Amino acid sequence: MIALVPVCVMLLSYPILGEKPTALQMVFTAVSFAGVSVVSLTDGENANFDFIGFLLLLCAVVCAALNNCISRVQSARFSAFERLYFAFGVGAAGLTALAFAVHGGDTFRLTAEAFSHSDFIWGILYLAVVSSIFAFLLINVSLSYISPILLSSFANIATVVSVLAGVLVLDESFSPLQYLCVALIVVGVLGVNYFAPKMKDEHK
């Protein structure tokens with residue numbers, strides 16, 4: 001489902017940004033999407049379909065696409081860090097309110113209990129600093145200079161990284177079909193970026 005982010009960005013980029021993808025960009029996006037889809041299907045042969053989970057993933061796709069497009073729009077007025085700070089501030093306030101709504105007075109106790117485990121602390125530090133702050137700061141910086149269509153195409157590289165990590169770290173098998181799918185994903189990403197229309201650098 002997350003492989004739909006580049007597709008969703010293409011659909012939203014024209015009405016929001018006035019940026020229209022080329023025909024070849026759409027073709028290579030479909031190529032990359034096909035590669036990700038096949039990998040996901042082969043890895044999840046025994047997975048059960050859950051409608052609520054499907055709707056939540058669909059919402060995540062739309063939110064990710066909107067985030068890229070809106071960040072691109074606001075890049076002319078706000079720095080990458082300012083956009084990151086505002087987004088994370090709203091997210092922190094919303095999730096804190098949700099925690100109190102779900103756990104009520106036990107929120108502080110449960111939080112303190114979680115921080116008493118070193119594994120949780122290291123995990124949360126990685127998720128907060130590396131996967132969130134650092135990663136999204138780089139995304140915002142990129143969106144200051146390139147189209148969200150180009151940026152979103154790289155989202156499918158995550159599938160390639162996951163497959164390679166499974167092989168190198170978890171000693172999983174790497175089938176000929178996965179070789180083909182990884183090649184399709186990489187070719188698709190390269191094609192989307194190579195056949196992009198020339199754009200003016202707004203930050204010169």
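**Reading a predicted model: pocket, helices and cores**

Author: In this predicted model, the largest pocket has a volume of about 1400 Å³.

Reader: Which helix gives the largest share of the lining of the largest pocket?

Author: That share, 15 residues, comes from α6. The helices that each supply at least two residues of the lining are α3, α4 (80-103), α5 (107-114), α6 (118-143) and α7.

Reader: How many helices and strands does the chain have?

Author: The chain has nine helices and zero strands, and along its principal axes the C-alpha trace spans about 55 × 50 × 30 Å. Of the 204 residues, 25% count as buried. Among contacts between residues at least 6 apart in sequence, 82% join residues at least 24 apart.

Reader: How should I read a nonpolar core, and which residues make up the largest one here?

Author: In soluble globular proteins, nonpolar side chains tend to be buried together. Here the largest nonpolar core has twelve residues, namely Val5, Cys8, Val9, Met10, Phe28, Val61, Ala65, Cys69, Ile149, Leu150, Val192 and Ala196. At least two residues of this core are supplied by each of α1 (5-17), α3 (51-74) and α7 (148-153), and the largest share, four residues, comes from α1.

Reader: With which residues is Val9 in contact, leaving aside its neighbours within four places in sequence?

Author: Val9 is in contact with Ala65, Asn68, Cys69, Pro148, Ile149 and Ser152, once those neighbours are left aside.

Reader: What span should α8 have, and how far apart are its end C-alpha atoms?

Author: Helix α8 (residues 157-168) has twelve residues, which at 1.5 Å a residue should span 16 Å, and its end C-alpha atoms are 16 Å apart, which agrees. For α9, the 19 residues should span 27 Å at 1.5 Å a residue, and here too there is agreement, since the end C-alpha atoms are 27 Å apart. The buried residues of α9 are Gln178, Cys181, Val182, Ile185, Gly188, Val189, Gly191 and Val192.

Reader: Where is Ser173 found, and is Ser173 buried or exposed?

Author: Ser173 is found in the loop between α8 and α9 (176-194). Because "exposed" begins over 50% relative accessible area, the value of 63% for Ser173 makes this residue exposed. Not counting residues up to four places away in sequence, Ser173 touches Val167 and Gln178. The C-alpha atoms of Ser173 and Val163, which are ten residues apart along the chain, are separated by 9.4 Å.

Note on methods: Residues numbered from 1 in each chain as written. Predicted model: local features only at pLDDT ≥ 70, side-chain atom pairs only at ≥ 80, totals over all residues. Heavy atoms only, no water. Expected span 1.5 Å × (residues − 1). Core = buried A, V, L, I, M, F, W, Y, C linked by side-chain atoms within 4.5 Å. Buried < 20%, exposed > 50% of the residue type's maximum accessible area, 1.4 Å probe, protein only. Contact = heavy atoms within 4.5 Å. 1 Å grid on protein atoms, 1.4 Å probe; cavity = no way out; pocket = protein on both sides within 12 Å on 5 of 7 lines; lining within 4 Å. Points joined across faces, edges and corners; volume = space filled by probe spheres on them.
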